[in-house]
4 protein chains.
Amino acid sequence: MPKDTFSNLPEEKKQRILEAAIDEFAEYSFETASITRITEAAGIAKGSFYQYFDGKGDIFKHIFDISGIRKMEYMRHLLRDMDSLTFFELFRQLYIAGIKFARDNPKLHAIADGFVKNASPALKNEVLGKAIPKSNEFIEDLLTRGIGRKEIDPDIDVKLIAFILTSLSITLSEYFIRDVKAEDDMEILVMVDKMLSMIENGIKYKGE
Amino acid sequence: MPKDTFSNLPEEKKQRILEAAIDEFAEYSFETASITRITEAAGIAKGSFYQYFDGKGDIFKHIFDISGIRKMEYMRHLLRDMDSLTFFELFRQLYIAGIKFARDNPKLHAIADGFVKNASPALKNEVLGKAIPKSNEFIEDLLTRGIGRKEIDPDIDVKLIAFILTSLSITLSEYFIRDVKAEDDMEILVMVDKMLSMIENGIKYKGE
Amino acid sequence: MPKDTFSNLPEEKKQRILEAAIDEFAEYSFETASITRITEAAGIAKGSFYQYFDGKGDIFKHIFDISGIRKMEYMRHLLRDMDSLTFFELFRQLYIAGIKFARDNPKLHAIADGFVKNASPALKNEVLGKAIPKSNEFIEDLLTRGIGRKEIDPDIDVKLIAFILTSLSITLSEYFIRDVKAEDDMEILVMVDKMLSMIENGIKYKGE
Amino acid sequence: MPKDTFSNLPEEKKQRILEAAIDEFAEYSFETASITRITEAAGIAKGSFYQYFDGKGDIFKHIFDISGIRKMEYMRHLLRDMDSLTFFELFRQLYIAGIKFARDNPKLHAIADGFVKNASPALKNEVLGKAIPKSNEFIEDLLTRGIGRKEIDPDIDVKLIAFILTSLSITLSEYFIRDVKAEDDMEILVMVDKMLSMIENGIKYKGE
DNA sequence: CATGAATGAGTATTCATTCAT
DNA sequence: CATGAATGAATACTCATTCAT
């Protein structure tokens with residue numbers, strides 16, 4: 001929740017400030033990130049920063065929100081079509097969307113991801129309030145649905161598999177960013193399919 | 001690489017210092033960990049610390065090494081028997097060893113793991129130099145061997161699967177520590193088998 | 001000396017600004033009072049404030065003046081009748097007027113009083129210039145007159161007693177505001193008379 | 001409660017620091033006093049200050065304590081002889097002691113006095129805890145004792161007179177410091193006697 | 001005349017590291 | 001070899017004041 005003074009800024013200046021902040025939080029953890037460095041990089045006075053934001057937590061949360069919003073844009077269409085897709089097809093698309101988001105917004109990905117994985121619970125509460133989304137629970141629901149539709153082996157341990165799948169999502173993004181740096185969307189598709197093939201043949205419903 | 005002055009210290013004192021440092025790094029990130037708190041907890045003078053170590057990075061790296069060494073102790077016997085075990089059996093044991101290490105040494109696990117996953121590349125280089133162990137490469141070798149022995153599907157993408165398996169190892173440890181807190185070794189076995197069953201049915205060699 | 005821009009303001013706005021400033025200075029010392037809070041409470045732009053006043057000192061001095069003027073209104077009629085009253089009767093009325101002013105204008109009283117008693121000489125000079133009213137001198141004159149009229153002991157140390165009487169005036173107001181909170185004018189009269197009886201029996205002219 | 005590091009300092013350095021702080025607090029209120037200025041005046045590093053004291057409140061409280069202790073030294077002998085002195089003689093000595101303390105330690109007098117009279121209750125509690133001495137109550141006791149001994153008019157309003165006498169004590173000190181600057185102890189005695197003569201003839205027991 | 005964004009020096013406090021004893 | 005005092009750059013944040021619109 002930046003102040004109105006920030007919203008009212010010329011677009012160019014807003015971008016300069018946000019970029020400086022994103023660069024800073026991508027390079028440093030929340031605690032070690034420096035407001036002074038941000039203002040210097042953005043070319044604004046220190047006092048100005050505090051006329052735009054309520055403090056370090058405020059701008060961090062704002063960037064966190066931007067990240068969430070932008071990520072949702074990569075996924076929105078999927079959630080609309082949820083019912084018409086099989087579990088594996090939906091999952092494939094979610095993985096692909098996640099990877100594309102991470103590839104296109106590597107710093108935002110690093111910031112949000114790093115904070116969720118690394119920050120102390122106390123800090124998380126202070127910065128984000130109770131808004132930490134339980135991605136796990138969403139996957140659990142999908143799995144349960146898939147079981148009901150006879151797409152997935154009913155004998156799996158839903159909680160464990162959900163945890164694994166969530167982790168693999170992050171893992172995959174990291175793999176691409178760190179080692180593959182694939183600009184080509186085709187490569188992403190191929191990788192995801194390889195991975196899904198592994199998963200699918202393992203937990204697929206084999207009834208009858 | 002602590003200085004000789006540290007190695008020459010009476011064992012009891014060395015332990016006191018290391019414990020204090022492990023406690024500190026388990027509770028705080030590398031950047032926010034405080035040398036002052038460590039020396040106070042260890043009951044030594046601040047100046048002494050700098051006669052034993054080259055700074056914060058030095059003692060951190062030392063603890064990192066200790067963690068690696070101790071983890072190896074959980075795995076050493078496996079590596080001796082490598083040839084007599086199938087890929088999947090070996091792998092099962094490696095997972096189990098990893099989980100047991102994390103359970104028995106939760107602070108060391110948290111420190112090493114947290115640093116590897118969370119620290120900025122710049123910091124990692126500064127602290128660890130190029131010494132980041134390529135655990136991946138070890139797994140890649142195992143996979144290649146498994147393919148040669150006709151235990152594993154030759155069509156898999158070795159690099160990708162190695163990356164995934166490494167991640168899953170960490171993921172599993174976290175799952176246990178965070179959600180299961182199983183004191184009982186039996187539970188660990190059950191979980192690992194569930195997970196391996198997923199992996200195995202996915203990448204196992206199905207030829208002929 | 002507010003600027004003309006302030007004098008030209010609609011009465012309602014002027015009042016809003018002065019009230020906000022009085023509230024602020026009543027709650028905070030001169031140095032910790034905040035212009036920002038004043039403008040916010042008054043509902044005016046920060047820039048506007050500096051178009052009305054020359055800074056924090058300027059508006060403070062203005063309020064100080066208002067306080068003096070209003071206090072004078074409680075005393076004006078007394079000064080008209082000065083010649084027809086004995087020293088002690090006049091003094092009694094002055095005390096009563098002072099207490100009533102403090103009771104009716106507690107914030108103004110607190111501001112002016114606190115500043116006179118508490119601010120550093122440097123600050124006083126900076127804010128008030130040489131305008132610190134010599135209330136003492138007025139009392140000295142009264143005493144000298146009283147001596148001439150054979151109402152007061154000629155052996156007293158006029159300067160010292162004038163200083164004491166001035167202090168006691170402030171003391172009395174404080175005593176009422178802090179400890180008595182008398183709404184009832186009767187109580188004020190009783191207190192003042194007790195106090196005057198002490199003074200009177202001490203310095204009254206006893207000759208022949 | 002300065003830290004041991006301060007107590008262990010060479011006397012000369014301790015004095016330099018305390019003097020710098022006393023100068024600062026004599027010139028500025030608690031809130032506007034600047035630690036930076038103190039360290040600069042004392043010629044020490046900012047970090048050193050925080051190795052000696054727990055913060056601004058800590059050194060202020062220390063100075064406050066010094067002031068109280070030193071003041072007590074001016075009065076200690078009086079309190080021992082309390083029973084052998086009449087109310088007026090004891091009172092005379094207390095006034096004299098207070099004035100001498102203020103004259104010899106004008107800055108300490110200004111700091112302690114200004115803080116007690118001026119600081120907000122919240123700040124007082126934060127800085128001093130509940131240790132604010134009720135000087136009034138001590139005077140009330142003396143008055144009551146004086147009445148019992150038939151030295152003082154039993155008809156006086158004890159609470160009011162105690163309040164007045166306390167105020168006059170401070171008033172007198174200020175009068176001397178500001179206007180008289182008497183180096184000569186004789187002058188103090190003369191002034192106090194003039195003042196006491198006023199008080200005495202007013203409230204003295206006149207029974208029989 | 002009203003506005004409010006921009007400024008930058010100011011605040012208290014922390015902490016890894018050095019170095020003289 | 002042990003000590004712990006000294007350092008000073010670093011931190012987040014505040015606020016009276018200016019000035020362009």
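A crossing of two helices is called left-handed if the near helix is turned anticlockwise from the far one by less than a right angle, and right-handed if clockwise. The views below come from a predicted model, in which local features need pLDDT of at least 70 and side-chain atom pairs count only at pLDDT 80 or more, while totals for chains, interfaces and linings use all residues. Residues are numbered from 1 along each chain as its sequence is written, and chains are lettered from A and ligands numbered from 1 in the order in which they are written.

**View 1. Packing of helix H2 (residues 11–27) and helix H7 (residues 106–118) in chain B.** Helices here are DSSP runs of H or I with at least four residues, numbered from the N terminus. H2(B) passes H7(B) in a left-handed crossing, at an angle of about 55° and with 9 Å between the axes; axes are lines fitted to C-alpha atoms over the stretch in contact, and angles run from 0 to 180 degrees between N-to-C directions. The two helices are therefore oblique to each other, a term for angles that are not under 35 degrees (roughly parallel), over 145 (roughly antiparallel) or 65 to 115 (roughly perpendicular). H2(B) contributes B:Ile22, B:Asp23, B:Phe25 and B:Ala26, and H7(B) contributes B:Lys107, B:Leu108, B:Ala110 and B:Ile111, where contact requires C-beta atoms, placed from the backbone, within 7 Å. By class, this contact holds six nonpolar, no polar and two charged residues.

**View 2. The surroundings of DNA strand F.** The surface comprises nine nonpolar, 18 polar and seven charged residues, with Gly counted among the polar ones.

**View 3. The contact between chain C and chain D.** Each side is described by residue number, with 24 residues from chain C and 24 residues from chain D. On the chain C side, H11(C) gives the most, with eight residues, and that side has 11 nonpolar, nine polar and four charged residues.

**View 4. The two domains of chain A.** An automatic or database domain assignment supplies the bounds, which are 1–54 for domain 1 and 66–203 for domain 2. Their C-alpha centres lie 30 Å apart, and five residues of domain 1 are in contact with eight residues of domain 2. The domain 1 side of this contact divides into four nonpolar, no polar and one charged residue.

Technical notes: Near = placed C-beta within 6 Å. Contact = placed C-beta atoms within 7 Å.
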